[in-house]
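This report concerns the relation between two chains and the interface that they form. Please consult the sequence and the structure shown below.

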Number of protein chains: 2
Amino acid sequence: MKGTVGELGEFGLIRELTSRLTTTPAVRLGPGDDAAVVAAPDRRVVASTDVLLEGRHFRRDWSTAYDVGRKAAAQNLADIAAMGAVPTALLLGLVVPAELHATWPTELMDGIRDECQVAGAAVVGGDVVRGETITVAITALGDLRNHEPVTRAGARPGDVVAVTGWLGWSAAGHAVLSRGFRSPRAFVEAHRRPEPPYHAGPAAAGLGATAMTDVSDGLVADLGHIAEASKVRIDLRSAALDIPSQMSDIGTAVGIDPLHWVLSGGEDHAIVATFPPDVKLPARWRVIGGVLNPSALPQVTVDGAPWKKAGWDHFGDIEDA
Amino acid sequence: MKGTVGELGEFGLIRELTSRLTTTPAVRLGPGDDAAVVAAPDRRVVASTDVLLEGRHFRRDWSTAYDVGRKAAAQNLADIAAMGAVPTALLLGLVVPAELHATWPTELMDGIRDECQVAGAAVVGGDVVRGETITVAITALGDLRNHEPVTRAGARPGDVVAVTGWLGWSAAGHAVLSRGFRSPRAFVEAHRRPEPPYHAGPAAAGLGATAMTDVSDGLVADLGHIAEASKVRIDLRSAALDIPSQMSDIGTAVGIDPLHWVLSGGEDHAIVATFPPDVKLPARWRVIGGVLNPSALPQVTVDGAPWKKAGWDHFGDIEDA
């Protein structure tokens with residue numbers, strides 16, 4: 001395929017994008033009609049939307065189009081898993097400049113497709129329009145398979161807090177990239193392409209999770225949403241938070257306490273949940289704290305004390321690139 | 001509410017937006033968690049996504065935020081109805097500049113909410129991010145209520161073609177506005193705020209429609225999609241296309257044949273469908289043509305002859321404002 005998005009035209013680009021897609025049995029009608037049709041055997045559908053902008057959520061000099069696709073899809077599919085649901089489908093709203101080479105959106109679509117396959121889902125529809133800023137708007141759908149949705153509001157004093165997946169790896173990779181480095185690769189890769197533990201969401205629902213979310217804004221910030229919705233305090237034990245030696249090395253090199261990345265770094269899309277104290281968790285879950293009655297302290301504490309920074313506000317100035 | 005989007009902050013704006021919403025019994029879990037949960041009693045969910053950009057799909061000097069919200073929602077909800085489904089839910093991905101007054105997104109949300117209510121749906125979730133260009137990415141969901149989805153691929157030679165809703169009103173309103181006028185108001189209003197006949201979609205499915213779509217790009221263009229997918233030719237009878245005298249007057253004033261608006265004008269979101277010849281249609285449907293075997297002629301003809309212009313390509317130059 002040659003040329004720009006403008007040369008290919010709207011319908012040409014849509015043909016290129018849809019020709020790359022794969023399907024699943026849940027897809028009853030894929031792209032090309034007024035709307036898609038997706039199986040919802042539970043008689044309820046779980047749905048979530050995210051918007052990613054070039055310059056704000058990704059940079060073309062840091063990430064390939066394929067990686068942006070993987071990450072954009074992962075972010076949304078993780079939201080579905082964090083409700084305890086199995087991802088089924090994804091829709092893509094895409095804004096691209098006419099002068100962009102057409103390989104960019106097609107490689108983006110390859111990444112979205114492949115991440116959907118990891119999660120068991122498929123791309124079923126979308127829209128493509130021309131505009132100045134590359135914008136990736138994704139909606140993911142999922143099925144609860146007869147579990148009740150696990151919201152943020154069900155944590156009870158006495159519950160344990162447990163996490164599975166990666167914490168702080170994307171933030172450490174971001175620190176490396178923002179200083180002009182390209183290694184250690186494991187962290188750079190984690191920033192470019194998170195690996196949410198999709199299966200853990202429905203599994204946690206089956207294990208009786210009382211509240212659950214994915215870590216998109218940072219562990220303290222996202223547990224803050226659970227604490228607020230559940231009207232509880234959550235205390236984390238820093239000793240239970242695994243900090244890999246390589247992450248400590250990066251922290252030393254750039255002058256940042258790696259615990260900051262683990263507690264405040266977002267975008268790894270780990271799954272964190274609260275469970276009744278007698279829960280038997282599979283091996284890859286780590287208990288990292290407990291749920292307490294609300295107190296005068298902040299809603300999330302670390303070793304019983306306030307933690308300084310609780311994630312970011314996308315409209316704030318701190319994270320402006 | 002005072003101040004700009006930036007002053008209000010991401011979470012402040014989300015609070016303002018969600019506080020304005022209404023709900024329906026189909027909404028099992030609304031905004032505020034990782035994802036929403038919506039009833040899908042049919043065990044299938046219908047889903048469609050559209051993206052609207054300021055400058056390309058709407059202009060703030062031509063339309064209020066409220067009208068943009070009504071139109072953006074209508075466009076998506078009509079896609080759901082055109083499958084024969086009942087709209088149930090809508091998700092909003094919104095990009096807004098920090099310096100935009102916060103009343104703009106809140107009035108947009110009022111418009112989206114009100115259009116959802118017309119269609120029987122509710123806003124269940126979304127995402128808000130800061131960016132240069134106002135971007136409205138909407139995903140609508142719907143339920144088939146045990147009807148099979150009516151695709152574009154089922155039209156058969158011998159079927160009749162029928163339409164319900166408005167045709168050419170939005171295009172005539174666009175012609176008025178682009179010449180600096182603000183009246184006749186009925187057409188300007190039709191451009192700002194389409195009124196898709198949502199109920200007609202599921203009703204047509206119940207009447208045995210063989211193919212269906214909503215008119216978003218123009219009658220000839222959208223019937224072209226049905227003709228292509230169904231491998232048939234569709235011939236329209238111009239005498240059956242009602243041209244209101246006021247539309248003829250505007251055509252005379254601006255030097256455009258109003259039949260052009262009726263045949264090529266999009267965005268009114270009329271519902272057009274093919275039916276078996278013995279169908280008994282309700283009063284508000286008009287039979288406007290028939291389905292024929294494919295021929296050497298274009299897939300859509302008017303009075304047996306080719307029609308010059310078949311809608312627009314959003315990447316093309318013709319419609320660049």
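R43(B) is the residue of chain B that comes closest to the rotation axis, with its C-alpha at 2.4 Å. The model is predicted. In it, chain B is superposed on chain A by a rotation of 180° with 0.0 Å of shift along the axis, at an RMSD of 0.0 Å. This is the relation of a two-fold axis.

The two copies meet through the same surface, because 100% of the interface residues of chain B are also interface residues in chain A.

| Feature of the interface of chain B and chain A | Value |
|---|---|
| Residues in contact | 63 of chain B with 63 of chain A |
| Buried area | about 5,000 Å² |
| Share of the buried area from carbon and sulfur atoms | 58% |
| Salt bridges | four |
| Residue pairs in polar contact, both at pLDDT 80 or more | 23 |

On the side of chain B that touches chain A, strand β3 (residues 44-53) of chain B gives the most, with nine residues. By class, that side of chain B comprises 33 nonpolar, 14 polar and 16 charged residues.

Key
Residues are numbered from 1 along each chain as its sequence is written. Chains are lettered from A and ligands numbered from 1 in the order in which they are written. This is a predicted model: local features need pLDDT of at least 70, side-chain atom pairs count only at pLDDT 80 or more; totals for chains, interfaces and linings use all residues. Side-chain values use heavy atoms; hydrogens and water are left out. Copies are superposed by least squares on the C-alpha atoms of residues with pLDDT of at least 70 in both. Contact means heavy atoms within 4.5 Å. Buried area is the accessible area (1.4 Å probe) that two parts lose on being put together, summed over both. A salt bridge is a side-chain nitrogen of Lys or Arg within 4 Å of a carboxyl oxygen of Asp or Glu. A polar contact is a pair of N or O atoms within 3.5 Å; within protein, one must be able to donate a hydrogen and the other to accept it, and residues adjacent in sequence count only if both atoms are side-chain atoms. Helices (H or I, at least four residues) and strands (E, at least two) are DSSP runs, numbered from the N terminus. Ala, Val, Leu, Ile, Met, Phe, Trp, Tyr, Cys and Pro count as nonpolar, Asp, Glu, Lys and Arg as charged, and the others, Gly among them, as polar.
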